[in-house]
Amino acid sequence: MDQAYLKELVTYVQAGDVNALEPLLMWAYTPVSFLCQKMLKDSHIAQTQTREILQAIGHKLPSLQSPGMFEKWVIRLTAARCVQIQNKNTWMDDEEVREEELPIIGESL
């Protein structure tokens, strides 16, 4: 979906067109889901947060002042929410550290 059409959809939704909300949220699903999976690691938590973030986008969209900034706004909103979840769940950091360790002993590379 190109930026002009995305901006047009945001404008329609802000004007009250409920039919424009579905394609807008369908577009937002991909970046939101991708970021949640990358940042949260746990697929169940990532799915839950994806759903909650998409709901928040629908509710907060009227407050977006510039429809052209929708993509950046979605990314910022998602990243902020995922960081908030990471801070709540400190066990995620421990698991991530363990994932990064290589099971290679010595200089076998």
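Predicted model: local features only at pLDDT ≥ 70, side-chain atom pairs only at ≥ 80, totals over all residues.
Leucine 77, if we set aside its neighbours within four places in sequence, is in contact with Ile53, Ile57 and Lys60, where contact means heavy atoms within 4.5 Å. This leucine 77 lies in helix H4, and at 18% relative accessibility leucine 77 counts as buried, a word that I use for under 20% relative accessible area, with exposed for over 50% and partly exposed for what lies in between, taken with a 1.4 Å probe and the protein chains only. Leucine 77 and alanine 56 are 21 residues apart in sequence, and their C-alpha atoms are 8.9 Å apart in space.

Residues are numbered from 1 along each chain as its sequence is written, and side-chain values use heavy atoms, with hydrogens and water left out.

Let me now turn to the chain as a whole. There are five helices and zero strands in the chain, and read along the sequence the pattern is α-α-α-α-α; helices here are DSSP runs of H or I with at least four residues, strands are runs of E with at least two, and both are numbered from the N terminus. Of the 109 residues of the chain, 32% count as buried. The chain exposes about 7,500 Å², of which carbon and sulfur atoms supply 54%, the areas coming from the Shrake-Rupley method with a 1.4 Å probe, and for residues only the protein chains shown count as cover. Among contacts between residues at least 6 apart in sequence, 62% join residues at least 24 apart.

Staying with H4, the helix runs over residues 70-88, has 19 residues and reaches 27 Å from its first C-alpha to its last, which is close to the 27 Å expected at 1.5 Å a residue; the expected span is 1.5 Å times one less than the number of residues. The buried residues of H4 are Phe70, Trp73, Val74, Leu77, Thr78, Cys82, Ile85 and Gln86. Threonine 78, which has its place in helix H4, is at 0% relative accessibility and so counts as buried. Not counting residues up to four places away in sequence, threonine 78 touches Val32, Leu35, Cys36 and Ile53.

Axes are lines fitted to C-alpha atoms, for helices over the stretch in contact, and angles run from 0 to 180 degrees between N-to-C directions. On the H2 side the contact includes Leu24, Trp27, Val32 and Met39, and on the H4 side it includes Phe70, Glu71, Val74 and Thr78. By class, the residues of this contact divide into 16 nonpolar, two polar and one charged, where Ala, Val, Leu, Ile, Met, Phe, Trp, Tyr, Cys and Pro count as nonpolar, Asp, Glu, Lys and Arg as charged, and the others, Gly among them, as polar.

Next comes the pair H2 and H3, residues 21-40 and 43-60, whose axes come within 9 Å and cross at roughly 145°. Among the residues that make this contact are Tyr29, Val32, Ser33 and Cys36 of H2, and Gln49, Thr50 and Ile53 of H3. The contact of H2 with H3 has 12 nonpolar, six polar and no charged residues.

Leaving aside neighbours within four places in sequence, threonine 50 is in contact with Tyr29, Val32, Ser33 and Cys36.

Phenylalanine 34, by contrast, lies in helix H2 and at 52% relative accessibility counts as exposed. The C-alpha atoms of phenylalanine 34 and alanine 46, 12 residues apart along the chain, are separated by 8.9 Å.

Finally, two loop residues. Lysine 41 lies in the loop between H2 and H3, has a phi near 65°, a positive value in a residue other than glycine, and at 39% relative accessibility counts as partly exposed. Proline 67 is found in the loop between H3 and H4 and counts as buried at 17% relative accessibility. Proline 67 touches Lys7, Val10, Thr11 and Gln14, not counting residues up to four places away in sequence, and the C-alpha atoms of proline 67 and tyrosine 12, 55 residues apart along the chain, are separated by 9.8 Å.
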